Amino acid sequence: IAGSLSQHVLVVSIVLGMAMASAIWVPNVEFIFGLTGATASVIISYIMPALIFIRLVAQSPELTATSIAFTNTK
């Protein structure tokens, strides 16, 4: 993605500013780790499998559950 140097500096400054503000305002790092872990576990457990399935079915419609479940194995 092409972008200007000033746009890059702005985005990096915002991210670093938010990290600094959260480090100053949150005295206990356990809260941040818990929030990060809860968010990551939801993404890994629920969102990623659904996105992968949607992408696979879009590429190969024959991968639907009905075509897999009712195939003859004889």
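Colleague: What pLDDT does the protein average?

Modeller: This is a predicted model, where local features need pLDDT of at least 70, side-chain atom pairs count only at pLDDT 80 or more, and totals for chains, interfaces and linings use all residues. Residues are numbered from 1 along each chain as its sequence is written, and side-chain values use heavy atoms, with hydrogens and water left out. pLDDT is the predictor's confidence in each residue, from 0 to 100. Of the residues, 82% score at least 70, and the protein averages 84.

Colleague: Which elements does the protein have, helices or strands?

Modeller: Both are DSSP runs, numbered from the N terminus: helices (H or I) take at least four residues, strands (E) at least two. From the N terminus on, the order is α-α-α. The count is 0 strands and 3 helices.

Colleague: In which helix is confidence lowest?

Modeller: Confidence is highest in helix H1 (residues 5-25), at 92. At the other end, with a mean of 58, stands helix H3 (residues 65-69).

Colleague: Why does isoleucine 54 count as exposed?

Modeller: Isoleucine 54 sits in helix H2 (residues 29-59). Buried means under 20% relative accessible area, exposed over 50%, and partly exposed in between (1.4 Å probe, protein chains only). Isoleucine 54 counts as exposed because its relative accessibility is 54%.

Colleague: Is isoleucine 32 exposed or partly exposed?

Modeller: Isoleucine 32 is also found in helix H2. Its relative accessibility is 30%, so isoleucine 32 counts as partly exposed.

Colleague: How far apart in space are isoleucine 32 and serine 22?

Modeller: In sequence, the two are 10 residues apart. From C-alpha to C-alpha, the distance is 8.8 Å.

Colleague: How much of the protein is buried?

Modeller: The protein exposes about 6700 Å² (Shrake-Rupley method, 1.4 Å probe; for residues, only the protein chains shown count as cover). Carbon and sulfur atoms supply 74% of that area. Among the 74 residues, the buried share is 0%.
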